[in-house]
Protein chains: 2
Amino acid sequence: MPRTHASLPRLHVAPALAQGQELTLERDQSNYLGAVLRMQPGDEVILFNGRDGAWLARVVNPNKKAVSLELVEQTAPQTPPSDLWYGFAPLKSARLDYVVQKATEMGAGTIQPVITRFTQVHRLNADKLLANVIEAAEQCEVLTVPDVAPDITLDKLIAGWNPERALVFADEGQASSSPLEALRRLAGRPVGLLVGPEGGFSDEEREKLLAQPFTVPISLGPRILRADTAAVAALAVIQATIGDWR
Amino acid sequence: MPRTHASLPRLHVAPALAQGQELTLERDQSNYLGAVLRMQPGDEVILFNGRDGAWLARVVNPNKKAVSLELVEQTAPQTPPSDLWYGFAPLKSARLDYVVQKATEMGAGTIQPVITRFTQVHRLNADKLLANVIEAAEQCEVLTVPDVAPDITLDKLIAGWNPERALVFADEGQASSSPLEALRRLAGRPVGLLVGPEGGFSDEEREKLLAQPFTVPISLGPRILRADTAAVAALAVIQATIGDWR
């Protein structure tokens, strides 16, 4: 498929998007288009809001404090929402941004920080997480923008978990094996993936997870993976077996 | 398996490792143990060289310019060498380090920079690549240390490629599908994975790759993946289907 719009700036906006509509950007995005990119009337961008697909839009007024755009036409239909829940023990700043971006690239539908015993970070900036989700969506042409759920302790997560949804988690105690068979058995069920912190789960947490009827421990091979590697690796095998890669 | 030695420093060294042997560390590692960690006689570390497994060693002389150690016992057998070739278009500095670390965590046997049309970087520091490989091996308890091959142009790579080895590459032109079936057909063959640069392959490069009898184009799903995400995702599905996760 030719990617004729590949080089146009892509911006996530809040309002509904429809033919012939005009909209005015917020201050930060206006400054970006008007002052940084120095756009002129007639220049084009791609807009999306996570609901209405991707739209080609043309600059009407390039005022760097309030750029106004006119919607021209839809360039891509809205992609379906993702049902994949992804929970992760938050890492420190740069790696945290990274994990959230990767989860967005890999098609997570909901992203939720989960506080465990060995979690490095306890105070999370929800706005920053969302900003990272949006930036990843803009950069990787993702039209289904993941929700960011509020952080939750592992205990509360387990206590409130809908048992119909399988909770996959990478278990270092598993003998090294391929996770594909275990994942394939989950076809047709809603699925969640939980990735623990760098120090892993505590013995108590691990026992508690293994005791739940809805948990599905998987191995991610014979080597230790950093938490951010494990996240992408696990999401890849999930999407490839029972997710939206098919 | 209890990880009793999990918190000991792990160091990659060059010499052969055997019972009762004594060895003296190089300057940088001596400074690390002697001055940074302030180790004392009797303190323990784990040593490995990529050939002889993992060995528990005890500090004899903590002189920060030349720490000497005595080997106590082997704590883990040598893991088999990996036959998986991994080629990648080099990215700029931090992302480059990251890609090399992830390839090590994911069990690549040979890591080789491949210069393509849209490659961002043309001058590579081979010592730095190797340092990143070793650091990743130390941090992730990887005992099979990947070889770093010299950088090569895509044309030369294709011209010199042993056609018995399958060359898997992520092809954005493929319809979104799961790569598992295509990969499973490669069971028993030696395999390589080529990950292109952020801008992808040029049309000419792509046509040339597709024209080779040994290439195996795969899809990595419906979304665009950053090069470092694609690397981990592709390595995960390869290791899970036909690699050493089983």
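**Domain and chain interfaces in the predicted model**

Domain 1 of chain A and domain 2 of chain A bury about 670 Å² between them, and carbon and sulfur atoms account for 68% of that area. On the side of domain 1 of chain A, the greatest losses of area to domain 2 of chain A fall on Arg10(A), His12(A) and Phe48(A). Together these residues make up 74% of what that side buries. The structure described here is a predicted model.

The two parts follow from the domain assignment of chain A. Domain 1 spans residues 10–76, and domain 2 spans residues 85–241. Taken over C-alpha atoms, the centres of the two domains lie 34 Å apart. The contact involves 9 residues of domain 1 of chain A and 7 residues of domain 2 of chain A.

Polar links between these domains were counted next. One residue pair, with both members at pLDDT 80 or more, is in polar contact across domain 1 and domain 2 of chain A. The interface of the two domains also holds 1 salt bridge. In the salt bridge of Arg10(A) with Glu141(A), the closest N and O atoms are 3.9 Å apart. The cut-off for such a pair is 4 Å. Strand 1 (residues 10–12) of chain A gives the largest share of the domain 1 side that touches domain 2, with 3 residues. By residue class, that side of domain 1 of chain A consists of 4 nonpolar, 4 polar and 1 charged.

Over all chains, a search of the whole structure finds 22 salt bridges. Arg10(A) belongs to strand 1 of chain A, while Glu141(A) sits in the loop between helix 3 (126–139) and strand 8 (147–148) of chain A, so their pairing ties together parts 131 residues apart in sequence.

The contact between the chains was examined in turn. About 3100 Å² is buried between chain B and chain A, with 56% of this area from carbon and sulfur atoms. Within chain B, the residues that lose the most area to chain A are Arg223(B), Ile224(B) and Trp245(B). Chain B brings 39 residues to the contact, and chain A brings 39 residues.

Between chain B and chain A there are 4 salt bridges. One salt bridge pairs Lys102(B) with Asp228(A), with 3.1 Å between the closest N and O atoms. Polar contacts between chain B and chain A number 25 residue pairs, both members being at pLDDT 80 or more. Three helices of chain B each supply at least two residues of the side that touches chain A: helix 2 (93–105), helix 5 (180–184) and helix 7 (227–241). Helix 7 of chain B provides the largest share of that side, 9 residues. Sorted by class, the residues of chain B that touch chain A comprise 16 nonpolar, 11 polar and 12 charged.

Notes: Residues are numbered from 1 along each chain as its sequence is written. Chains are lettered from A and ligands numbered from 1 in the order in which they are written. This is a predicted model: local features need pLDDT of at least 70, side-chain atom pairs count only at pLDDT 80 or more; totals for chains, interfaces and linings use all residues. Side-chain values use heavy atoms; hydrogens and water are left out. Contact means heavy atoms within 4.5 Å. Buried area is the accessible area (1.4 Å probe) that two parts lose on being put together, summed over both. A salt bridge is a side-chain nitrogen of Lys or Arg within 4 Å of a carboxyl oxygen of Asp or Glu. A polar contact is a pair of N or O atoms within 3.5 Å; within protein, one must be able to donate a hydrogen and the other to accept it, and residues adjacent in sequence count only if both atoms are side-chain atoms. Helices (H or I, at least four residues) and strands (E, at least two) are DSSP runs, numbered from the N terminus. Ala, Val, Leu, Ile, Met, Phe, Trp, Tyr, Cys and Pro count as nonpolar, Asp, Glu, Lys and Arg as charged, and the others, Gly among them, as polar. Domain bounds come from an automatic or database domain assignment.
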